Amino acid sequence: MIVVRNAETDGDLEAWIHVHRVVLPNDSAGTIELHRAREKPERRLVLAELDGELAGSGYVDQSDLVDRFCLAARVLPAVRRRGVGSALLRELGAHAAVFGAGKVSTEVADEGSRAFAERFGFQESNRELGQVKVLGDEPPSPPLPDGLRIATIAERPELLERAYPLALQGYADMATEALATISLDDWLRDEATQPEGSFVALAGDEIVGYSGLVRHDHDPRVVEDGLTVVRRDWRRRGLAAALKRRELAWAAANGFREVVTWTQQGNEAMRRLNARLGYEDRTVWIVMVAPLPLQKGV
């Protein structure tokens, strides 16, 4: 018998994180504290049990794309093809529908998962490219464009909130099929969690560039790129590259071995910049979207 239930206790959240790490060993699964901080009615974390044993996990939440919810169903390898994934998808899709969502998105990384998702009505809408920079002796940070100075979030924590309007500009400019955005609370909680390696470019007292680093909760030797954004009137002057080189130099000097990042299809300028900085392609995630209610999956 398959049972899908909420992940509520600390033990449940530990089990949820365990499934995530087994299924996605290179992905940051978060911490109990982080998942507690993200709790809200729209967000739901669940566990799946098969005959009383842990078999999988899932989550559903409002997407950063304003017209949909996002969800993921993860099943432990030993118990796949026994209906666990289907039970998870049905439960997660039903939760999104309660909040009036008209569609949901998910991400898959292989053809088997893609075929499974298609049975429920999902179709490809975009692709996310995972890139990794293996750190070594990083070159010195290049000079900034004239008239700019740099501060870190560690030095001036108030700059993170002040950078929020610029972040919204960056999200609005992303090559996504719907408007992408992020709440101020989510921005303050999830960005620049490595504040010493998160940099703000200032022209006088105006913020014209930001590039953040984020902790990787699974592997202490890895750090993640957060958002990199340059104000529209300061673009094409090498500022994004200068900020990211400072990140890489800081990460290398502080014992990290890799920096990982994700860029969506259509953001070719950032992909090219990452390639020039030495990032290598690692993973392609297929973003798939389905209308609600989901098809029955037969």
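This is a predicted model: local features need pLDDT of at least 70, side-chain atom pairs count only at pLDDT 80 or more; totals for chains, interfaces and linings use all residues.
Trainee: Why is the contact of Arg114 with Glu124 called a salt bridge?

Mentor: The closest N and O atoms of Arg114 and Glu124 are 2.8 Å apart. The cut-off is within 4 Å, so the pair counts.

Trainee: What does that pair tie together?

Mentor: Arg114 lies in helix H4 and Glu124 in strand S6, so the bridge ties parts that are ten residues apart in sequence.

Trainee: Why is Arg114 called buried, and what is Glu124 called?

Mentor: Arg114 has a relative accessible area of 17%. Buried means under 20%, so the word applies. Glu124 stands at 32% and counts as partly exposed.

Trainee: Is Glu258 buried or exposed?

Mentor: Glu258 is buried, with a relative accessible area of 9%. Its salt-bridge partner Arg257, with closest N and O atoms 2.9 Å apart, is partly exposed at 32%. Salt bridges with shared partners join both residues to Asp219, Arg221 and Arg282 in one network.

Trainee: How many salt bridges are there by this rule?

Mentor: The count comes to 27.

Trainee: What makes up the lining of the second largest pocket?

Mentor: The lining divides into three nonpolar, two polar and six charged residues. Among them are Leu13, His35 and Arg43. Asp, Glu, Lys and Arg count as charged, so Arg43 belongs to that class.

Conventions. Residues are numbered from 1 along each chain as its sequence is written. Side-chain values use heavy atoms; hydrogens and water are left out. On a 1 Å grid over the protein atoms alone, a cavity is a set of points where a 1.4 Å probe fits but cannot get out, and a pocket is an open set with protein on both sides within 12 Å along at least five of seven lines; lining residues have an atom within 4 Å of a point. A salt bridge is a side-chain nitrogen of Lys or Arg within 4 Å of a carboxyl oxygen of Asp or Glu. Helices (H or I, at least four residues) and strands (E, at least two) are DSSP runs, numbered from the N terminus. Buried means under 20% relative accessible area, exposed over 50%, partly exposed in between (1.4 Å probe, protein chains only).
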